[in-house]
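The structure comes first, then the details.

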Amino acid sequence: MHISKFVTPEIIFGKGALSQVGECCLRLGAKKVFIVSDPGVMEAGWVDKVTSVCRSSHLPYEIFCEITPNPKDYEITKGVKVYLASECDAVIGVGGGSAIDAAKAISILATNGGNIHDYEGVDKIQYPLPPLVMLPTTAGSGAEVSQFSVIVDSVRQVKMTIVSKSLVPDIAITDPYTLVTKNRELTAETGMDVLTHAIEAFVSLAATPLTDVQAKNALTLVAKYLRPSTASHTNEEAKTAMAMASIQAGLAFSNAILGAVHAMSHAVGGYLDMPHGKLNAILLPYVMEFNLLAAPDKFMEMAQLMGINIAGLTSAEAGRLAILHVKQLALDIEIPLCLSEIGLKEEYIPRMSQAALEDVCILTNPRDVTVSDLDRIFRKAL
Ligand SMILES: [Fe+2]
């Protein structure tokens, strides 16, 4: 018998949901909250909105905004020092995956001590974390519902993946209105990250009926709404749909884990500090081509979910159309087509392939992967 589990935070969803943050923290017993964010989100005004709600709830706070895209180990070390000195007892993450992953990592060290490197891998966290409330502003990472945190080891120049049920936030507050300040490029990249989560979780070796239902709905929503969401920052229907897709893809991958796309993008992102969603978008169709052999029926289902007419086609033929559909979507929203366009050089590939093979996400890829397979996929995507 196959035994599986499905973890999820409490999820509060809807336009205006941000106003619930104070009440949520009080409900979790918070006396003073530590707000983790980044300068871009701060500038967009979302941290001010959160602090204003905290003031209305008579909840003192401390702000830590020194987080960069692809958050680094030394930022976590600094963040936990500020947290401990502030005497806060709960953590709010406001922003994209970087701010939320950093908020989780700071929380690990706040109650477990040591160095963030000690927690790389699966189930290394011993003691409970402070209450965690997450407010995503990107409709992309799914970090607000996931049991993952990804932090860059700045010495080894690799991304460390930390996986633990302790990292599932207590409450995720998704307010689609926060997406209106995202620029076109970020909307496109984070949307392709959502698509990658949905596809990798759906074909993952650890997929279950509970994750499949989330992955399939996310896939359908992205196929329909990523183009209009990228085209207009005020399209409320598209923003709401992408915010829901992000949650559902996040629940799918948090429980079914991911695959070779994320293993490879973690390798390149850690080494060259490049945007996660952009890397995934470029790598996704090439990994799909590689994986088609292992899961043709699931590829056929994906084609159908993306609205492709598959009447009379074999599963392999339908799967190939699904791959073309993903390539066309990336093209339409102006994602670069190859890794060399964003700075990857051929001589880096052996190192990238080795790092990808050592990433925890590779374990659930539906097709067995060797270092030479990864090398070949990187060269095709170059
Ligand atoms: Fe991702």
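This is a predicted model: local features need pLDDT of at least 70, side-chain atom pairs count only at pLDDT 80 or more; totals for chains, interfaces and linings use all residues.

Is D193 buried or exposed? D193 is buried, at a relative accessible area of 4%, where the cut-off for buried is under 20%.

**Metal site**

D193 is one of the residues that coordinate the iron ion; the others are H197, H262 and H276, and the distances run from 2.2 to 2.3 Å. Along the chain, the donors of the iron ion are spaced as D-x3-H-x64-H-x13-H. Because D193 sits in helix α6 and H276 in helix α10, this pair ties together parts that lie 83 residues apart in sequence. The geometry of the site is irregular, with angles of 83 to 169° among the four donor atoms. For four tetrahedral donors the ideal angle is 109.5 degrees.

**Helix α4**

Helix α4 covers residues 73-86, 14 residues in total, and reaches 20 Å from its first C-alpha to its last, close to the 20 Å expected at 1.5 Å a residue. Its buried residues are D73, E75, I76, G79, V80, Y83 and S86. Seen down the axis of α4, these fall within an arc of 145°, so they line one face of the helix. On the face turned away from that buried side are the exposed residues K81, L84 and A85. Elements that cover the buried residues of α4 include those in the table.

| Element | Residues |
|---|---|
| β2 | 33-36 |
| β3 | 61-64 |
| β4 | 90-95 |
| α5 | 97-112 |
| β7 | 148-153 |

Just after α4, E87 adopts a positive phi of about 60°.

Technical notes
Residues are numbered from 1 along each chain as its sequence is written. Side-chain values use heavy atoms; hydrogens and water are left out. Donors are N, O and S atoms within 2.8 Å of the metal (3.2 Å for Na, K and Ca); water is not among the atoms, so sites may look incomplete. Four donors count as tetrahedral if all angles lie between 85 and 135 degrees; four count as square planar and six as octahedral if opposite donors are over 155 degrees apart and all others between 65 and 115; anything else is irregular. Helices (H or I, at least four residues) and strands (E, at least two) are DSSP runs, numbered from the N terminus. Buried means under 20% relative accessible area, exposed over 50%, partly exposed in between (1.4 Å probe, protein chains only). The expected span of a helix is 1.5 Å times one less than its number of residues. The arc is that of the directions from the helix axis to the C-beta atoms. Contact means heavy atoms within 4.5 Å.
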